[in-house]
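Student: Could we go through the salt bridges of a protein together? I would like to learn how to read them.

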Amino acid sequence: MTSEETRTNVEKALEEIRPFLQSDGGDITLISIEDNTVKVRLEGNCIGCSVNQMTLKSGVEMTIKKYAPQIEEVINIS
């Protein structure tokens, strides 16, 4: 998979996740993809949410890996 295909697939995954985050007043932005690590920024209500790490790992990372299995990790850049 090329880096452009990976980016497209990660964007598709974020589009799937975004409505759930927005329904709670949050959002997510893709910052970069480097060495099979996706860097994102959680925004809005997601910033101060006590379960944002669980959301990041259980929701965001799992969905991204469904679209782009080569991704090893998703990290939040604040």
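Tutor: Gladly! This is a predicted model, where local features need pLDDT of at least 70, side-chain atom pairs count only at pLDDT 80 or more, and totals for chains, interfaces and linings use all residues. Residues are numbered from 1 along each chain as its sequence is written, and side-chain values use heavy atoms, with hydrogens and water left out.

Student: Does lysine 66 count as buried or exposed?

Tutor: Buried means under 20% relative accessible area, exposed over 50%, and partly exposed in between (1.4 Å probe, protein chains only). Lysine 66 has 54% relative accessibility, so the residue counts as exposed.

Student: Which side chain does lysine 66 meet in a salt bridge?

Tutor: A salt bridge is a side-chain nitrogen of Lys or Arg within 4 Å of a carboxyl oxygen of Asp or Glu. Here the N to O value is 3.1 Å, and the partner of lysine 66 is glutamate 16. The pair links distant parts of the chain, helix H2 (residues 52-67) and helix H1 (residues 3-23); helices are DSSP runs (H or I, at least four residues), numbered from the N terminus. To name the partner again, it is glutamate 16.

Student: What separates lysine 57 and glutamate 61 in helix H2?

Tutor: Their side chains meet in a salt bridge at 3.0 Å, N to O. Because lysine 57 and glutamate 61 are four residues apart in helix H2, the separation is about one helical turn.

Student: Which residues do salt bridges that share partners join into one network?

Tutor: Aspartate 27 forms a salt bridge with arginine 18, with the closest N and O atoms 2.8 Å apart. Through shared partners, the network joins Glu15, Arg18 and Asp27.

Conventions. Helix = DSSP H or I, 4+ residues; strand = E, 2+ residues; numbered from the N terminus.
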